[in-house]
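Student: I would like to learn how to read a predicted model feature by feature, going from the general idea to the particular case. Where might we begin?

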Amino acid sequence: NASRRACLVARFGFIYAQERFDAESLLRTYISDVEMVQRIIYTAAVESFHAAKMAFWKFKMRARERLCLCRSGAEPLESTVLNYIICHKDQYDVRASVKEVIRSMNINPKISFPPETDFIVLSTLIQELCTLAFSMQTLVPPLDVAFGIDGELFDETKYYRSSDSDFTAAFVAHHIWPPLIENGLVIVKGEVVTKR
């Protein structure tokens, strides 16, 4: 569990550092508004975790039903179910989660995309995030992202300020990347823009 956790946390950091940047560069070819690009990527990250968590829950229910029928041994059912999911996570239908994320993004009133293209251009990033989020659910305790609200009070235990922020501003203008949490505690800070 500890080594898997370390690998997954490192993967989250790599997606933030590299794949988010690549997605931002791609979106900038369609959208000139940097804030909108950042909002789209943030929404994709949060929605990917939400979709993967829902898929994990459904997968877990099916696995529990299957294992209840043929279970033997002294290992607790929850441990058996988690071990089964870890061994069979290749059965996770990540494409269905990607479609769910894109559907959610299409109805989100805070983000928009030029009519000549579609959020599907982010499918590689979304797939990576969904796969990561699904794997993070197999940890004990599971890892998740914290959802932020525009206008919330800036919290330095949860976020870094972006370089273009007003460092004297007390409130978050918009989010760039969500923080990673474990048992309600931030283990990797997110990034926000603060403005007056």
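Tutor: Let us begin with a single residue in this predicted model: Asn-183 has a relative accessible area of 64% and, because the cut-off for exposed is over 50%, Asn-183 counts as exposed.

Student: What phi does Asn-183 have, and where does Asn-183 lie?

Tutor: The general idea is that most residues other than glycine have a negative phi. Asn-183, although not a glycine, has a positive phi of about 55°, and it lies in the loop between E4 and E5. These two strands form a hairpin with 2 residues between them.

Student: How many bridges join strand E4 to strand E5, and do the strands run parallel or antiparallel?

Tutor: Strand E4, residues 180-182, is joined by 3 bridges to strand E5, residues 185-188, and the two run antiparallel. Within this pairing, Ile-181 stands opposite Val-186 in E5. As background for reading such a pair, side chains in a regular strand alternate between the two faces of the sheet.

Student: How does one check the span of helix H1?

Tutor: One compares the expected span with the distance between the end C-alpha atoms: at 1.5 Å a residue, the 27 residues of H1, residues 2-28, should span 39 Å, and the ends are 38 Å apart, which agrees.

Student: How many helices and strands does the protein have, and how compact is it?

Tutor: The secondary structure comes to 5 helices and 6 strands, following the pattern α-α-α-α-α-β-β-β-β-β-β along the sequence. The radius of gyration is 18 Å, close to the 16 Å that the globule rule gives for 196 residues, so the protein is as compact as a globular protein of that length. Along its principal axes, the C-alpha trace spans about 60 × 40 × 25 Å.

Student: What share of the residues counts as buried, and what supplies the exposed area?

Tutor: Of the 196 residues, 46% count as buried, while the protein exposes about 10500 Å², with carbon and sulfur atoms supplying 57% of that area.

Terms used:
Residues numbered from 1 in each chain as written. Predicted model: local features only at pLDDT ≥ 70, side-chain atom pairs only at ≥ 80, totals over all residues. Heavy atoms only, no water. Helix = DSSP H or I, 4+ residues; strand = E, 2+ residues; numbered from the N terminus. Expected span 1.5 Å × (residues − 1). Pairing = 2+ DSSP bridges. Rg over C-alpha atoms; globule rule 2.2 N^0.38 Å. Buried < 20%, exposed > 50% of the residue type's maximum accessible area, 1.4 Å probe, protein only. Areas by Shrake-Rupley, 256 points an atom, 1.4 Å probe, with all protein chains shown as cover.
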